[in-house]
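Work through these exercises with the sequence and the model open side by side. Try each task before reading its solution.

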Amino acid sequence: MGNTHRERFINLPLFSICRPSNFRMAKEECITQCSQAVDTLTLRNRKTTCVSSDIQKTSQTLSVPLPEDTQCTAGHLSEDDDTHSDGSSAQWTDSDNPSEESQSSVLLLLVAGLSFSTRLYRIMDPPHVCWDETHFGKMGSYYINRTFFFDVHPPLGKMLIGLAGYMTGYDGTFPFSKPGDKYDHHNYWGMRGFCAMMGSFLPIFAYLIVLELSRSHTAALIAATVLIFDTGCITISQYILLDPILMFFIMAAVLSMIKFNQQEFRPFTSPWWLWLVLTGVSLAGALGVKFVGLFVILLVGLNTVSDLWRLLGDLHLSLVDVGKHLLARVTGLILLPLFLYVTIFAVHFVVLNKSGPGDGFFSSAFQSRLIGNNLHNASMPEYLAYGSTITVKNLRIAGGYLHSHWHLYPEGVGSKQQQVTAYLHKDYNNLWLVHRQGSNNSQSGPPDLVRHGDIIRLEHKETTRNLHSHLHEAPMTKKHFQVTGYGINGTGDANDLWQVEVCGGHRGDPVKVLRSKVRFLHRATGCVLYSSGKTLPKWGWEQVEVTCSPYLKETPSSQWNIEDHINPKLPNISLSVLKPHFLESLVESHIVMIRGNSGLKPKDNEMNSKPWHWPINYQGLRFSGVNGTEFRVYLLGNPVVWWMNLASLGLYASMVVLTSVALQRGITMDQKRREHSVVLMRGGGLLLLGWLLHYAPFFTMGRILYYHHYFPAMLFSSMLTGITLDILLKSTDLLLRPPYSDWLQRVGQVVLLFSVLYSFYLFHPLSYGMSGPLAHEPGSAMAGLKWMESWEF
């Protein structure tokens, strides 16, 4: 190489081609050695390139190799090169800069102070139940009272809310009946304060993540600022909700993953293991709060696959060493999170051991473990027999118990006969008598057992009507037939007859109480008794529709089991033998949760937010209050912040395209531009992937969606905004020469900060509450700020 090439290399700060005597050698010594090495390598005809220390750090942080033209490696390494067999290699950094560390600490303290103060401010207002506090506050009470309940989310978030309430003196007696209920003397600040504390860590984590990815305090400060002063992030952190807890674990997982990537050249050391374990713990926490945690698991998984692929291509590592790395990651990122996740459910089952409102969602065997349930430590006949009094439970999620009452179907809804529904709670009107075809079981002696293939009649005990079906269409599911109660005192017609079918059984097999899955085939029409899961109108007391389905495929909706069984002529057995093992309970809980999530469909006239609404801040959520006399809180992101995030996504894509074209065309870049290109494409690329993974899946979901589902993705978008705007402002020297470029950069930063702060000042009543005139009325605190007609404040 000539002098020109040597000057090009010497102008870069550090060189990985240098081999220092110690890992903290002076920069001048490194430059001298690298200059000498260039001549030596030129003689040996080896291709050598260099990269600045900042780029190296960024590449290590992301756990991806640098491009060939930016790596500092020799074509061959001699046997005494400082590369260890476990994948570590001789690395060094600039000597510690106390002033820079001090600046970082001061900024971090500033971010923490602002974050905690904005989240904890007026945490007690309003002193009544707001939005989903009616659900998650109530579930926290259930944990304190050890009462079993059902929810579509895993239990960790509710357990932590209940623990926070218990530790701060809440006794679990407030009913959380509906939004607007006054807390009065009940101690609720602990649960709200815990959620606010978790939400306060989000800007702190964002600052640290962006700092590690970009090595820029400015980029980190921008990311933290937009989150600190976002009204949406403040609002969603101040109430008893799962979202701040979920986002805490998501951000903790991302930060731990990046810190772990930084330990690339120190494998199997204490810091390496520490960040690996913290990543696994955070993943278990995220999944333990909501299934949305699967998205950050996917992000960490993709990063891990990339990391392992890089290690596999490192020829200085033996396959045994690669196997050690693989085993460590399997242990820390799969087995450990799985163990912790299962442990969460083990604690959940131990704590919630009393019968409660969630019993009916689970199988009869599951209910037998709950204290206070009629199946707990109960005994009853093992096999179904004629003359028995029974309850019949549908096996679908929220399928309910077969139920009837004195009310008739209204005019115009099939035949005006007695209603038959499915009811989710235990009730006397769930009881039915089992009769033979054309008989009332008056014979003496031991009763005959009901077997697979028998034709029976079910008589409602309270009203003495027979379970009946005919060719009239069902009230809600129009392609099914109506099911009614018909006849009186055992009299009826051929439409009252049903054939018993034991799923997986053979003719003559007896029906086992609790354990047999049974279907009831209507003899006259050939349809099967079915719980549609649809809620009837008010004339049906908003109970679940029961139909007779002409579609005979076996599904949980057409399968039933015998739960309560009373027959004094038969010997009883203890139901304790039916209690499920832990793994059976775990599997059943997940089946119920998954079915419950898929069953969350929009109801008539219910607002259903669409994913494309979210990034544009199209519509928020009303947390509290409607009219001018009420205390109103409205969940809506700071418009300036959210629209800046949206613009930054487009700006980021444009900058990446321009940078890629420049690199592809071989356009000469100085050290600063190279560092920016690596940060932009590697650091920004990771955050863009995180945003996509937490946003795009919602377009495929059929369940009801809400505005708050976007907030995990919004965190990644805000961090990407920090990196994008920082690089954009630092590129002002492409337009102007110093010092004018520096002035323009400072002006841009001031304008950005002023825009965020002033917009927060304008919209902060949305978070901290407002009363009096509405936005469209004179004298309102939000007058002139309803920039979109879809905003409902």
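**Exercise 1. Classify Y618 by accessibility, then describe its ring pairing with W612**.

Solution. Start with Y618: at 28% relative accessibility, Y618 counts as partly exposed. The scale runs as follows: buried is under 20% relative accessible area, exposed is over 50%, and partly exposed lies in between (1.4 Å probe, protein chains only). W612, at 47% relative accessibility, is also partly exposed.

A note on the source: this is a predicted model, in which local features need pLDDT of at least 70 and side-chain atom pairs count only at pLDDT 80 or more, while totals for chains, interfaces and linings use all residues. Residues are numbered from 1 along each chain as its sequence is written, and side-chain values use heavy atoms, leaving out hydrogens and water.

Now the rings. Rings of Phe, Tyr and Trp (its six-membered ring) pair if their centres lie within 6.5 Å; planes under 30 degrees apart count as stacked, over 60 as edge-to-face and the rest as tilted. By this rule the count comes to 49 aromatic pairs. The F345 and F349 rings have centres 6.3 Å apart and planes at 50 degrees, so this pair is tilted. Both residues lie in helix α13 (residues 319-351), four residues apart, about one turn of the helix. F345 and F349 are both buried. For W612 and Y618, the ring centres are 5.7 Å apart and the planes are at 45 degrees, so this pair is tilted.

**Exercise 2. Trace the salt bridges of R310**.

Solution. The cut-off for a salt bridge is a side-chain nitrogen of Lys or Arg within 4 Å of a carboxyl oxygen of Asp or Glu. The structure holds 20 salt bridges.

Step one: E264 bridges to R310, with the closest N and O atoms 2.9 Å apart. E264 lies in the loop between α10 (243-262) and α11, and R310 in helix α12 (residues 293-312), so the pair ties together parts that are 46 residues apart in sequence. Helices here are DSSP runs (H or I, at least four residues), numbered from the N terminus.

Step two: R310 also meets D307 in a salt bridge (2.7 Å, N to O). R310 and D307 are three residues apart in helix α12, about one helical turn.

Step three: check burial. E264 and R310 are buried, and D307 is buried too.

Step four: widen the view. E264, D307, R310 and R329 are linked in a network of salt bridges.

**Exercise 3. What is the nearest side chain of opposite charge to R119, and how far away is it?**

Solution. First place the residue: R119 sits in helix α4 (residues 98-120). R119 is buried yet has no salt bridge. The nearest side chain of opposite charge is D230, 6.4 Å away. For charge, Lys and Arg count as positive and Asp and Glu as negative; His and the chain ends are not counted.

Then list the neighbours. Contact means heavy atoms within 4.5 Å. Not counting residues up to four places away in sequence, R119 touches residues including A196, P203, L227, I234 and Q238.

**Exercise 4. Which ring does the charged end of R369 sit over?**

Solution. The test requires NZ of Lys or CZ of Arg within 6 Å of the ring centre and within 35 degrees of the ring normal. The charged end of R369 sits over the ring of F366, 5.1 Å from its centre.

Methods
Helix = DSSP H or I, 4+ residues; strand = E, 2+ residues; numbered from the N terminus.
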